[in-house]
Every structure is written in C-alpha cells, then in structure tokens.
Amino acid sequence: MTIRFNDETFRDDYSFRNSATAIRRFPFPFDKDDYMYSVNMEPHGTGGRAGSVFEKRFDVDEHYVAEMRDRAITLAGDPLRCQSLPHMELAGWDLLELIMQCKAEDYPDLFQLHRDGDRWHWINRPLGIEQRFTFLDPTTLPCGPMEYITRQAQGDFAVLDQRENNLWMDAGMVTSQADWSLDFDIGMNFFEWHAPVPKAAEMGIFQRALKFLLAIPQGAPSRRLNWTMTVNPRLDTSPENYHLWGPEKRTITPENVGAKQYLRVELQSFWRLPRSNALAFPIRCYLIALEDLVTVPKWARRLHRVIRDLPDELAEYKGFAVNRPIIIDYLAQFDDGKPTSPGIFPDD
Amino acid sequence: MTSLMLRVAEAESLTPLVKRFRFEHPRGESLPLFSGGAHVVVEMPDGDVLRRNAYSLISDPQDGSGYEIAVRREDGGRGGSRFMHARVRPGDLLRISLPLNLFALDLRARKHVLIAGGIGITPFVAQVRQLLRMQLPFELHYGARSRDEAAGLRLLPDVPHIHFHISDESNRMDLGAFLSAQPLGTHVYTCGPEGLINAVAQTGARLGWPKTALHSEVFQAPPPGRPFEVVLARSGRTIEVGAHQSLLEALEAAEVEIDWSCRGGACGRCETRVVSCHGRIEHHDHWLSEDEQSAQTRIMPCVSRFRGESLIIDR
C-alpha cells in the first residue's frame, strides 16, 4: 500500500482534510453509548485489525508529512516543547531504536534501517531524510536522539522514568497536545501531572493505572484511547498558545459546527524501553470533523448519546462545555434512537 | 501474563547449590532486550502443580540470543528450585514470562554502589554488564560464605571495581567503611538476605543518606509456613493453602482468575482486598505501606500468609 501524503495545514487557513479512507479508519473511541473513565488498556503490537490505525505499531497515515511540518513550526517558535533531562538520554536512544525498527519493519517501502553493529543507516523516504550515525553516540546526529526521531514520528511522546514505584515525566516531545504543557509537567510524577483531572483520583483510577504501567514488561506494549473536542483541526492546542486557539471556541455556530468542530482522539500506547527501563508513552492525535464523522451512522448515533449524557465536569475539563448545546443539537438530527452495535468499528 | 515458550539450551552447575540455565527461542528468534536487574517468571509443570518462580536475568541485557538465570537449590523451599535442579534438562521447553525490571539502576546517580549477599548477586551480574557498557562509575561488593558457594565468581568479569568479601577468608564487608567514602549523588543497591538489606538501610540512615538513594530487592521466593484456610467472598468457597504453597498458587489451583506479575511482593498486581480478618496477616510484601499492612484490609497473595480464625478475601 502506498500512501498519498496530503499537502495541508493545521493552523492559519486550516486546510487539513481527511480522505474517505482516513474517515473510515478513524479510531472512534466509544465502544458503547456512554462514557466514564476506566483503565481501558488492551494489548498493542503487530497484527492489529487490517486497515485500522491499530494495524501497525506506529501508524503512518496521509497526514504524516504535514504533521511533521507543523511540529517543526511549533518547535521553531518554542524549543521547550522538546525537553530531556540529562539522565534520559539513554531512553532517547531506546526510543529511536524502537521507532526506527518498527517503521522499517512495518513500512519497508517508506523507511529503511541498516545496522552494522553500532553503525546505522536510516532512510526516511516521505521526509527525504538519509542519515548515517553511530548508535549511542549523540555527536553523530544533528540533535539529541529523542528529538531526532520524534521529528519524524507523528504524535506526541512522553518518556517516563521509572523509579520509587512511580513514573516521572522526565523527557518528551509535545507539540500536538490537548491543553497540557511539557514545560510545566517536566520532572513531575504520575500523580502530580494528573492532578488537574476531575473525578478520576477519587475513583482510584490513577492508583490502578500506575500499578498496571509499572509492570509493563519488555516486548508487550499496551494501548488505550482518550478523547476530547477541538475547534478547527489544530494540533498545537497548548496552554502556551491558548491566546491563539482559545478564542476560536467562540466561533462555533449551528451553521458551521459540523465543519469546524472536531472530535480529537488520542491513541496512547505504552512501551517498556530496553536499556533504560523507561516507559515510552506515545500520544498520537487523530482529528475528525463532526460532518465527516456522521457519515458513519453508528458513530453519529453513539457520539450524540455520549456527549448528551456526559457529566458536566468532564465537558468542562475537556474544554467544550461552551459549545456543548450546539454540538448536541447538531448530532441529534443523526440519532434516530436505534440501538448501536458493540465495539468501535463501523457496521459495514 | 505475556510469555514465551523457550527451549533450555544449557544447564550447568556453578556451585554445588547453584545451577545456571540458558533459554533460547526454539526457532532461533531473538528475544526482547532488557535492562540490568530485570527478572523473568519461569513456569514449572510439576505433576498436577504448576509452579512459577521469579529469577533475575544474569545474561547480557543487550544480547537477545538467549536468557540466562542462576537458580539456588532451596531444600526447605516450596519445590520450584528443586524442580529446576532435578528435572530440567537441555532440550526441555519451559514457559518464561517477558522480562520486567523492578530493580533498575537509577540513571540520575553520579555513581552506583552494588551490594550483594549470596545468591543476591544475580541481578547485579546483568547490571555490571550494563554499567561497563555505559562506562558509568560503580563498585560492586559481593559477600559470600566461601569461595565454593560463591556462584558469582564465575559470572562476573575480572575488573578492579568488583570486590569479593568471603566470610571464611575473614574479609567480611565493612559497610560503614565503604558507604562513608562515597561521593554525593551515589545510589546504593542491595540484594540479598533481609539482614544485609537492613544493615545497609541502618548504615545509610546513620550516615545521612537520602532514603531514595537506597534501593533494595529482597531475594525472596514466597516463604513456606503453616497451612491456612481462606474464604473467597465472591463464590463463598473455602480454599486450603498448603504449607509449601502460596495463597496465589492456591487461588490459581482453584482456578480463580487473578492478575500477577513479579510473584515476589513487589509489583502490586495481585493486591487483594480483605473483606474480613480474624487473626493476623503475615505480610511479606514490599508493596503495601506499613499503615496498609497494619490495617489488615489488603493482602498480597503472592507472598503473604495468614494465621488465625478466619480470613475472607474479595476474590
């Protein structure tokens, strides 16, 4: 399968579009008609459902080249979106190896990795990159290993150190985030960086999730889906740039909600890294306009029910409370009250 | 639990009590790499009993061609190590969990001091390889009763930062001496008998070391004890835990579904709520806090036992 990469933007004129294929393979996050937090982990790896975003370990899609261009723009304006505390360099190499190896194996027509001992040769055809370097020698790359590889991989990456029975946000590349800041969270532990999340702590969610994550072994990655809503297809919805995107929430009207309101889904995966014992936490962002989403009848019905019945605190926390009535009214016209089938995939 | 079926490639006696086993993929595939201090859980089908013991990996963490462990025969133990010694031969297939590391190096450390007692040397064998490869400053102190019993002598490289302390050669470890001489930012890792770990903790406290710079792994299989009964709240069933069985093993034998990972009281996966307890839970884990242990409202079935009238758990 060859992928045609879109020439599109995630800011200014927002020319981002999903093709019909991208709509069909969108990772719709609701497996039933209501939503509450849960530790909804499942195994991740090779052999996921064919054609879905779960098929490959690091999904590459039609937005790849444009997303990497958008990341470069964000980094040029704010280099602190990429940080790695000194003890995390080894984890950076682990992450580089993991991503290069997975991409080369899963997309041999797009990526190649040739290893001769520690002398590596990496070819990234979509981005036109060819790099010879020495593994574990940072002087042979144009930047640190984590930054190098995450400038070539879609989604944000948090790299978590594991010690004292906790996880620590000690490195990351974060330019397509749902309103959180690496620069603010750097060095925090699992409970500290989750402190703003409503309800979940009292539900014991974090204790259980942490216990699960601490015991993720080598070679057995896991994943979950998370979601929120974003106005316009903007990857960089960061606290640092709230002044740029926050006001856009006020531009939603009943006439434009279908085109301008996006469901934002994060495919989060969790990988134990071999040398450092750190945990890699890729957070891959997928965007879909409501008018595209409702072309799948099951998703239209279900999203209406989920948004309608969501507890107020969650709509507030996820930042779309202000537009919720307009969203519900829009989705209601696609919900005929019929039952929906279990699972997240379209019916046909 | 995610695991691999691996073939025993080598079985070799290192000392009269310790055997080294090497496992390889039956089709020669390479195994996931790991970090020093990681362990695997080996499944041993022993008649009707399925035993599962955790062992530190002693092979090179960056060599995916095989996994190696060293097993000390515990004649008073529950039978897993006796099974490994007496029954496991090259060519056998055994189910091995994927590596998990609950005793990793803290890479913020300016220097690493490793302290091993007896068979507690095993996690350090892989860590030493990692430290040498990364060219990080470290020293290893390895105490054993006698040269004959010191399996580590054959597993460790000949480098000057490894110090042997052999009791019957009268050069026992002087913890105070070498802990007081370390630079700020040093982290200490201890693996061995509880007495050694406590001694390091006390010496560290006396010298003003931060608690977070002292790491330890009690080299512990579930301790045997007196048989006891447990009532399962969800089904109302009563199960018997034998003297040489852990509560986790008894639950598995009764086909109760329960998550687990390290089987040594460290990872927290099998934590179970106690519905009622008339008696005393013998907590042997390192997961629950002291307060949680004394409250007797939670138990770690992999290592902890019970004495008393009745124990009802939420399973």
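Reader: How many bridges join S1(B) to strand S2 of chain B, and do they run parallel or antiparallel?

Author: Start with the general idea. Strands of a sheet pair through backbone hydrogen bonds, either parallel or antiparallel. Now the case here, in a predicted model. S1(B) and strand S2 (residues 18-24) of chain B are joined by 6 bridges and run antiparallel. The two strands form a hairpin, with 4 residues between them. For one pair to look at, take B:Val8, which stands opposite B:Phe23 in S2(B).

Reader: Which bridges join strand S1 to strand S6 of chain B?

Author: Strand S1 (residues 3-13) and strand S6 (residues 93-97) of chain B run antiparallel, joined by 5 bridges. One pair to find on screen is B:Ser3 with its bridge partner B:Ser97 in S6(B).

Reader: Where do strands S14 and S16 of chain B pair, and how many bridges join them?

Author: Look at residues 272-282 for S14 and residues 305-313 for S16. These strands of chain B run antiparallel, and 8 bridges join them.

Reader: Next, domains. What are the domains of chain B?

Author: Chain B is divided into domain 1 (3-97), domain 2 (111-218) and domain 3 (228-313). Between the centres of domain 1 and domain 3 of chain B, taken over C-alpha atoms, the separation is 26 Å. Their contact takes 7 residues from domain 1 of chain B and 6 residues from domain 3 of chain B.

Reader: Which strands supply the side of domain 1 of chain B that touches domain 3 of chain B?

Author: Strand S3 (39-46) and strand S4 (49-56) of chain B each supply at least two residues. The largest share, 3 residues, comes from S4(B). By class, this side of domain 1 of chain B has 3 nonpolar, 2 polar and 2 charged residues.

Reader: How many residues of chain B are in contact with chain A?

Author: A general point first. The size of an interface is often given as the accessible area lost when the parts come together. Here we count residues instead. 19 residues of chain B are in contact with 16 residues of chain A. The chain B side divides into 9 nonpolar, 7 polar and 3 charged residues.

Reader: Turn to chain A. Why does its radius of gyration agree with a compact globule?

Author: Compare two values. With 348 residues, a compact globule would have a radius of gyration near 20 Å, and chain A has 20 Å, so the two agree. The C-alpha trace of chain A spans about 60 × 45 × 40 Å along its principal axes. Chain A has 13 helices and 10 strands. Buried residues make up 39% of its 348 residues.

Reader: Which residues touch the most other members of the largest nonpolar core?

Author: That core has 117 residues, and A:Leu95, A:Ile99, A:Val159, A:Leu279 and A:Ala280 touch the most other members. Helix H3 (residues 89-106) of chain A gives the largest share, 9 residues. Another core, of 29 residues, lies apart from it; among its members are A:Phe28, A:Tyr262, A:Val265 and A:Val296.

Reader: What does A:Val159 touch?

Author: Leave out residues up to four places away in sequence. Then A:Val159 touches residues including A:Met88, A:Leu95, A:Met146, A:Asp170 and A:Ala280.

Definitions and conventions: Residues are numbered from 1 along each chain as its sequence is written. Chains are lettered from A and ligands numbered from 1 in the order in which they are written. This is a predicted model: local features need pLDDT of at least 70, side-chain atom pairs count only at pLDDT 80 or more; totals for chains, interfaces and linings use all residues. Two strands pair if DSSP finds at least two bridges between them. Two residues are in contact if their C-beta atoms, placed from the backbone, lie within 7 Å. Ala, Val, Leu, Ile, Met, Phe, Trp, Tyr, Cys and Pro count as nonpolar, Asp, Glu, Lys and Arg as charged, and the others, Gly among them, as polar. Domain bounds come from an automatic or database domain assignment. A nonpolar core is a set of buried Ala, Val, Leu, Ile, Met, Phe, Trp, Tyr and Cys residues joined through C-beta atoms within 7 Å. A residue is buried if 20 or more other C-beta atoms lie within 10 Å of its own, exposed if 12 or fewer, and partly exposed in between; C-beta atoms are placed from the backbone. The radius of gyration is taken over C-alpha atoms; the globule rule is 2.2 Å times the number of residues to the power 0.38.
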